Amino acid sequence: MNKDKQLMSLINAAQALTSTLDLDEVLQQLINETLNVIDGADAILLFVYDKRSGKLVAKNGVGVELSYLQEIKLHPGEGMTGKTFLSKKGQIFSHVQETERGMENIRGNNKSLFQKAVGAFRYHPVSTICAPLLSKDECIGVLTIDSFSEDVHFTEHHLLLLETFAAQASIAIENAKFFADTERSKKIHAELATASINQKGLAEITNTLSLLIEEEVCVYNEFFDLLSASSPNSEELGTVKKAKIITLYKEDMPKDGSLYCQEEKLTLIPIKTDARIIIGLLAIFSDGADNLDTLDLLAIDLANNIFAREIIGQERLLSDYYKYEGYLLDQLLSQRFDFFSGPQKNIIGLSDNYRYLCINIQIPNQLLEFEELNVKKQHFHRLLFREIKKLNYKVLVSEKNMEYDVLVMIHDRKTEEEIIEIFYSFFKDLKAKLADLIHFEFHVGVGRVFMQINEIQSSHREAKICSDYIKANGKDLLILSYKSLGIYRLFIKQDQAELYEYVNSTIGLLIEYDRTHSTDLLSTLTVYMENKQNMTLTAKQCFVHLNTIKYRLQNVKEILGLKSLEGKDMFELQLAIYLYEYVKKGIGRQ
């Protein structure tokens, strides 16, 4: 071919780059001009690398059946085109022996599709040249020319011409990509802004993000409750993989950034507030982290901020409602029963058919920096209200600094013991769930069940007595109910030293005698009292002879200087034994 024609084809190709933004039109023009320049070319194929699939896909072609060609997906290194992609260098396959070696690793389905694409031509070209499409030292595709004529053998001159057109194709693809990325960026900003402004909630934002990045998406709150999913399929994935997601988050999640798990094919991204507090988790189900390009990450980052605002907004609405309920509870605790309007009474849910229970929660000094304590307390606060919502009872909560007052409205016929047991289990479960997330201490006092709302102050006072006791004396005790105190409620506020002095003056000699002589006189006396001073029952319960019990009780009287174990003496002994258990073990551990 004469040089004038080659020059004209190059000029036409260069003009095509600036004549339109339509990539297919530009590439078609380049391919046509390439065919004009390179003599003996029977087919020209343009493959572009798809990062999502990790394969080379046919973008355009001439001289072949395009419908079959575009079904071919080449792995890097597969065939002559794949080998050129990996080497990033132009390659010449001058003879059929070389093209056969170059194509010997083409996979079965691709091999069949290529045979259909070339139609009447033989499967192996006689001669082939391949030129990589390079952009910033990265190969983005391959331009391949095949000749099926026995008289054509491509040379370095042909390859040089092909590389020239390949360079122009690279520019065209990069220009188109830049334009497409700009348009897609505008679309991402516009569609996420619309989803946010429409105020249709997390579901709308989740679905929008999924469509923008073409992946399944789920959103969890900080307790791994599934808040929204982009489709029924993603909801199923989010539910099935929840346990694994929790494990990955707790064990492998970096302090800052995201986590990709190849085994589960998912990416986890924390949802954070402006103060960098994690309030949720975004899960993206995809085949690989590389599937997410720069614009995908832009969409995720923008959506993440919207998710955070939406979650905070929902929590704020609930928080405002709970604060209002807490305000109404404060009025009840202040005995301002005439304060309530009809709607307010409906909000509270008071009824003459209900019973009530007061609970007091206290957060002890945990020797933490203010910021860390505040973050952990917010976490506890959200978990507390989340779990309270699951109860079968209407509950009002009032929060003041490091203390919560709770009013439970009991609508069923469960006994007081059953109700208290429900809340013992509730707070133990709450403690366990909290321990999975953070280390945070709290103590719970439970008052007695009462019938009329005007008795609220009494139950509240009882609950506070119990939580105050734990806070002051029982650091490892989680919950204490006033009803379980029994006789101990009489001296729960007494000074410990004073109580011990009474114990020592009453049964101290007996305690010391048992300690030095390895006897069981105090325990024998305790069993004797519990059996209503019946020696036969005491002997049976202690597994000893009746005479042994008589002997032991006689020793008790002699050691304590008592004439008998009756009346006032017996009452004081019994009280001292109860107090001894109290000062030795503390309430709730007897």
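Predicted model: local features only at pLDDT ≥ 70, side-chain atom pairs only at ≥ 80, totals over all residues.
**Entry 1: H17 against H18**

I began with helix H17 (residues 521–530) and helix H18 (residues 535–542), which pack with their axes 9 Å apart at an angle of about 130 degrees; axes here are lines fitted to C-alpha atoms, for helices over the stretch in contact, and angles run from 0 to 180 degrees between N-to-C directions. That angle makes H17 oblique to H18, given that under 35 degrees counts as roughly parallel, over 145 as roughly antiparallel, 65 to 115 as roughly perpendicular and the rest as oblique. I noted that H17 passes H18 in a right-handed crossing (right-handed if the near helix is turned clockwise from the far one by less than a right angle, left-handed if anticlockwise). On the H17 side the contact is made by Thr524, Val527 and Tyr528, and on the H18 side by Met535, Thr538, Gln541 and Cys542, where contact means heavy atoms within 4.5 Å.

Residues are numbered from 1 along each chain as its sequence is written, and side-chain values use heavy atoms, with hydrogens and water left out.

**Entry 2: H19 and its neighbours**

I then looked up helix H19 (residues 546–560), whose axis comes within 10 Å of that of H17 and crosses it at roughly 110 degrees, which makes H17 roughly perpendicular to H19. Leu521, Thr524, Leu525 and Tyr528 of H17 meet Ile549, Arg552, Leu553, Asn555, Val556 and Ile559 of H19, and these divide into seven nonpolar, two polar and one charged.

**Entry 3: the six-strand sheet**

Next I traced an open sheet of six strands in the order E3-E2-E1-E6-E5-E4, with antiparallel pairing; helices (H or I, at least four residues) and strands (E, at least two) are DSSP runs, numbered from the N terminus, and two strands pair if DSSP finds at least two bridges between them. Strand E3 (73–74) and strand E4 (91–93) stand at the edges with a single partner strand each, so one side of each is left without a neighbour in the sheet. Strand E1 (residues 43–50) and strand E2 (residues 55–62) are joined by seven bridges, and Val48 stands opposite Val57 in E2.

H7 lies across E1, E4, E5 and E6, running at about 35 degrees to E5. For helix H7 (residues 156–197), I checked that 42 residues at 1.5 Å a residue should span 62 Å, and the end C-alpha atoms are 60 Å apart, which agrees; the expected span is 1.5 Å times one less than the number of residues.

**Entry 4: the five-strand sheet**

Finally I followed the open sheet ordered E8-E7-E11-E10-E9, also antiparallel in its pairing, with a twist that averages 20 degrees from one strand to the next. Strand E10 (residues 266–272) pairs with strand E11 (residues 278–285) over seven bridges, and Leu266 has Phe285 as its bridge partner in E11.

How values were computed
Nonpolar A, V, L, I, M, F, W, Y, C, P; charged D, E, K, R; others polar.
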